Amino acid sequence: MSRPSLKLPHLAVPLPANSHKGRRRSGSIVKVEEVGGHTEELLDRSAYLNINANWVNAKGAWLIHVVLVFMGKVIIDTIPGMTQQISWTLVNLIYLNLSYLMFHWVTGIPFDNELHGGAYDDLTLWEQIDDGAQYTPSKKWLFTAPILLFLASTHYTNYNPWLFAINLTALIVLAIIPKLPQLHRQRVRFLTGDASGVSTPVTPSFPKNPLNPASITDAHFE
């Protein structure tokens, strides 16, 4: 004796021809995101002293900037045919570029990184100083030092308008803007694509005329 069988109706769900067509999600040209704000990273930073950034509060740390500028000025003046205007401009530009590279470009710490669990990998030296606090004595000095050097270079270049424009532009771009609190732990990413890679549909993927269960009759089971 065979078991009774039930024949179900064949339900075809029509899909629109353009259901898989859509406009591709375009990547953002410029994206600003914050780094280093996770709770785990904050706990890792407080585990050990960050000697990579703590040296700026040591004795003589402020004086080293004056010594380096003086030594750089003496070395540049030994170049044959060097004038005072070009010499002071080079000293100012070299100092600004080196300080930008050291405080605002390089991220992480060069030693004992495993003690902090990589919590400083995304932070610059400026963001590590004083645990990221703003307007501390060390950061005030680091903000003031390039301005004083700019004023000295402007004076000894006899207020030459071209050299003044070069020094002022370098001061704003390399020393002032990167130190603003509004840019603290902010990163500007260019040409960032969409990670999902999924197209955004322009039409609904469900059928326009779905089958109504009330319309099913015995004829569907024959």
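1. A nonpolar core here is a set of buried Ala, Val, Leu, Ile, Met, Phe, Trp, Tyr and Cys residues joined through side-chain atoms within 4.5 Å. Buried means under 20% relative accessible area, exposed means over 50%, and partly exposed is in between (1.4 Å probe, protein chains only). On that basis the largest nonpolar core has 21 residues, and Tyr95, Leu96, Phe103, Ile129, Leu142 and Leu149 are those with the most contacts inside it. The elements giving two or more residues to this core are H3, H4, helix H5 (125-128), H6 and helix H7 (161-176).

2. A word on what you're looking at: this is a predicted model, where local features need pLDDT of at least 70 and side-chain atom pairs count only at pLDDT 80 or more, while totals for chains, interfaces and linings use all residues. Residues are numbered from 1 along each chain as its sequence is written, and side-chain values use heavy atoms, with hydrogens and water left out.

3. The overall layout: seven helices and four strands, in the order β-β-α-α-α-α-α-α-α-β-β along the sequence. Helices (H or I, at least four residues) and strands (E, at least two) are DSSP runs, numbered from the N terminus.

4. Some chain totals. Of the 222 residues, 29% count as buried. The chain exposes about 15,400 Å², with carbon and sulfur atoms supplying 65% of it; accessible areas come from the Shrake-Rupley method with a 1.4 Å probe, and for residues only the protein chains shown count as cover. Taking a contact as heavy atoms within 4.5 Å, 74% of the contacts between residues at least 6 apart in sequence join residues at least 24 apart.

5. Now H3, which has 15 residues and reaches 22 Å from its first C-alpha to its last, close to the 21 Å expected at 1.5 Å a residue. (The expected span is 1.5 Å times one less than the number of residues.) His65, Val69, Lys73 and Ile76 are buried in H3. Seen down the helix axis, the buried residues of H3 fall within an arc of 70 degrees, so they line one face; the arc is that of the directions from the axis to the C-beta atoms. Leu63, Phe70 and Ile75 are exposed on the other side of H3. The buried residues of H3 pack against helix H4 (84-105) and helix H6 (137-156).

6. How many salt bridges are there? The count is one, using a side-chain nitrogen of Lys or Arg within 4 Å of a carboxyl oxygen of Asp or Glu as the rule. Asp77 pairs with Lys73, their closest N and O atoms being 2.6 Å apart. Both lie in helix H3 (residues 63-77), four residues apart, about one turn of the helix. Asp77 is partly exposed at 32% relative accessibility, whereas Lys73 is buried at 9%.

7. Leaving out residues up to four places away in sequence, Phe103 touches Trp55, His65, Thr124, Leu125, Trp126, Ile129 and Leu142. His65, in helix H3, is buried at 11% relative accessibility. With the sequence exclusion of up to four places, His65 touches Tyr95, Phe103, Trp141 and Leu142.
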